[in-house]
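The report below goes through a structure chain by chain, and then turns to the contact between the chains. Please keep the sequence and the 3D view at hand while reading.

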Amino acid sequence: MEALILTIIATSIPLLLAAIGELIAEKSGILNLGVEGMMLSGAVGALGAVLWLENPYYGIIAGALSGVLMASIFSAFTINFMTNQVATGLGLTIFATGLTGLAGAPLVGKTIPSLPKIEIFLLSDIPLFGNILFKQDFVAYLSIAIIIFTSLFLKYSKSGIILRAVGDDHQSAHSVGYPVKKIRWYATCFGGMCAGIGGAYIPLVLTPHWSEGMTAGRGWIALALVVFASWIPWRIIVGALIFGGITIAQLVGQARGWAIPSQLLSMMPYIATIIALTMISGRLSKNNSVVPSSLGKPFFGSQ
Amino acid sequence: MITFIPRDKVSKNWIIIAPILSIFFTIFFGLLIFTFLGYNPLETLYQIFVSPFSRIDRISDILVKACPLIIIGTGLMLCFKSNVWNIGAEGQFIMGALLAGFIALSFPNIETKFFLLITILAGFVGGALWAFIPAILKTKLNVNEILVSLMLVYVAMLFIDFIVRGPLRDPMSFGFPLSKPYPEGALINKIPFPGIGFLGQLHYGILFVFLLVPVSWIFVNKTLGGFKINVLGSAPQAAKFAGFKRNSITITVLLLSGGLAGVAGVIEVSANIGQLQPEVSFDYGFTAIIVAFLGRLSPVGILFAGIIIATVKLGADNAQMTMGIPKVVTGLFEGILLFFLLTGETLQKYKIKWSEGKK
């Protein structure tokens with residue numbers, strides 16, 4: 001049972017990280033559909049770095065940097081050249097699929113050591129949930145820290161309020177004198193960093209070797225999670241755990257030979273995403289205030 | 001510092017210059033990346049862009065590969081024009097092929113080619129039904145069509161895998177996940193040319209493209225439906241005042257694009273494979289997104305764009321065989337191309353002004 005919960009947590013961490021990063025970007029008004037691409041880059045960056053430097057922690061840094069690099073490309077085109085965000089995001093994912101396929105080709109067949117678990121003194125000895133909560137790897141702790149940080153940042157910090165203002169009405173934010181484009185650059189790059197680390201987590205913990213397109217749609221599920229969470233950070237934890245649970249349930253089902261064909265079980269995370277989106281979207285359309293109003297709209301104002 | 005100044009009207013020159021410049025930039029940056037990753041840039045350039053033209057049968061293979069791209073791209077054009085983001089054509093392609101395959105396999109002895117009309121219609125229905133899911137969710141419950149249509153791609157891929165390994169598996173396939181071969185009436189033949197024989201894999205499915213391009217041109221430019229789609233995409237406020245029903249247009253374009261993707265699926269399987277297998281599409285549905293944009297969301301443009309992208313795809317196959325470059329590398333070119341094409345769109349509407357100093 002404990003092993004099962006640990007697996008569910010591990011499965012949900014890439015989703016959680018990618019989703020919280022995208023949430024910040026969307027709060028600033030940027031819809032980045034390139035999450036899948038940024039995660040792939042993070043994965044291949046991490047693999048390359050760990051094979052080269054032989055220390056899994058460099059994988060986290062390399063993953064973050066790869067994600068930021070991809071996010072910068074996206075920002076340059078959408079924010080500075082005012083290209084359509086939906087199409088550019090798609091382009092980023094397609095681009096990254098090609099780039100990582102090329103960069104990953106020499107890595108095929110090589111295995112990396114996985115990220116070590118860190119026991120927190122005394123706390124990890126607590127019966128029942130000590131091992132689950134306090135014997136995790138660095139990225140797991142980091143992702144919870146990021147959720148808490150973004151939650152407080154958006155709610156209480158001045159920068160967080162400005163970021164939300166930019167996302168809700170970029171024209172007004174601009175006329176009050178806030179640097180809309182700069183703020184969006186930062187927010188998008190933060191999103192890239194989180195997605196990159198989320199992508200890095202896949203080879204670092206889940207499957208320790210490269211295969212083309214190894215993120216398998218997690219970036220897209222992360223995008224759905226943001227909607228599912230109605231742009232509220234802590235709800236992403238809930239959403240990510242549900243999706244992690246469904247993914248694992250499906251694997252367990254296959255392993256135990258449930259009388260359902262494996263392909264139909266594998267569909268579950270994707271169908272669950274559609275169902276979750278449907279349930280939330282119906283409610284959102286009645287209560288529109290949680291969706292950043294400038295989301296996806298290009299900002300033409302001079303800077 | 002660069003600033004953008006709105007133009008009084010859309011620059012005509014840029015409409016033509018932008019795609020050409022984009023292709024130029026794409027090749028430049030693509031080669032830069034290749035060099036950086038340690039591949040011979042000139043050899044790569046030759047394999048990807050020149051080798052597909054080196055033999056006549058290879059040129060006809062470009063047309064064969066362009067065929068599904070143009071058909072799907074034309075459908076996507078209608079969606080993108082009206083700001084509906086169907087990115088699940090890959091799934092609609094699969095479901096079209098699957099429904100048509102099911103019907104084809106239900107009549108194992110049929111020989112008349114008129115039967116193709118039925119399977120193609122079935123493909124249209126299959127693709128359209130798959131696109132109907134995001135359409136109805138979008139219009140009734142305001143669910144994001146991007147995510148729904150994409151999730152359905154994964155579902156469709158798993159579904160065809162299940163069908164081909166399970167219910168429709170040919171008992172004589174020696175354990176391979178293959179259906180029975182299609183009956184004669186459901187196959188699209190290669191075109192015989194008098195005196196030459198067959199040109200590569202060139203098949204009669206190409207006729208559908210010759211039909212589709214003019215029909216879609218007339219639809220977009222000369223009919224009320226096409227006019228509504230254009231207005232809805234370029235001036236949503238005006239469309240609202242004119243009383244165009246946003247929802248019915250959204251549903252229509254999704255059904256049409258899903259249907260066309262389904263037809264592309266039928267043609268691909270009936271002409272090139274002849275039975276169902278787990279993998280029937282080779283990213284055609286995703287690649288067609290690039291085709292639609294490269295073609296400037298116009299029917300004739302998409303015809304040329306389909307041919308260009310098909311060339312790159314075949315070139316990448318060649319590069320994989322001769323140089324060991326993974327063929328997903330086409331994505332690299334497609335992505336960069338899309339970035340620059342979109343930038344070109346901005347430059348049509350805005351002039352660049354270089355100014356000195358900070359801000």
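## Two chains and their contact

In chain B, residues 24 or more positions apart account for 79% of the contacts with a separation of 6 or more, a contact being a pair of residues whose C-beta atoms, placed from the backbone, lie within 7 Å. This is a predicted model, in which local features need pLDDT of at least 70 and side-chain atom pairs count only at pLDDT 80 or more, while totals for chains, interfaces and linings use all residues. Residues are numbered from 1 along each chain as its sequence is written, and chains are lettered from A and ligands numbered from 1 in the order in which they are written.

The secondary structure of chain B comprises 13 helices and four strands, where helices (H or I, at least four residues) and strands (E, at least two) are DSSP runs numbered from the N terminus. Its radius of gyration is 22 Å, close to the 21 Å that the globule rule gives for 359 residues, so chain B is as compact as a globular protein of that length; the radius is taken over C-alpha atoms, and the rule is 2.2 Å times the number of residues to the power 0.38. For chain A, which has 13 helices and two strands, the radius of gyration is 19 Å, in agreement with the value near 19 Å for a compact globule of 303 residues.

| Chain | C-alpha box along the principal axes | Buried residues |
|---|---|---|
| Chain A | roughly 60 × 45 × 45 Å | 52% of 303 residues |
| Chain B | roughly 75 × 55 × 40 Å | 50% of 359 residues |

Within chain B, helix α3 (residues 56-81) packs on helix α12 (residues 299-323) at an angle of about 135 degrees, with the axes 8 Å apart; the axes are lines fitted to C-alpha atoms over the stretch in contact, and angles run from 0 to 180 degrees between N-to-C directions. The two helices, α3(B) and α12(B), are therefore oblique to each other, given that angles under 35 degrees count as roughly parallel, over 145 as roughly antiparallel, 65 to 115 as roughly perpendicular and the rest as oblique. Residues making this contact include Leu69(B) and Gly73(B) of α3(B), together with Gly306(B) and Ala310(B) of α12(B).

In chain A, the loop between α10 (218-228) and α11 (233-255) holds Ser230(A), and Trp231(A) is placed in the loop between α10 and α11 as well. Phi of Ser230(A) is near 45 degrees, a positive value in a residue other than glycine, and Trp231(A), also not a glycine, has a positive phi of about 65 degrees. Ser230(A) counts as partly exposed, with 15 C-beta neighbours inside 10 Å, whereas Trp231(A) has 21 and counts as buried.

Between the chains, 42 residues of chain B are in contact with 43 residues of chain A. On the side of chain B that touches chain A, α13(B) gives the most, with 13 residues.

Technical notes: Contact = placed C-beta atoms within 7 Å. Buried ≥ 20, exposed ≤ 12 C-beta atoms within 10 Å, placed from the backbone.
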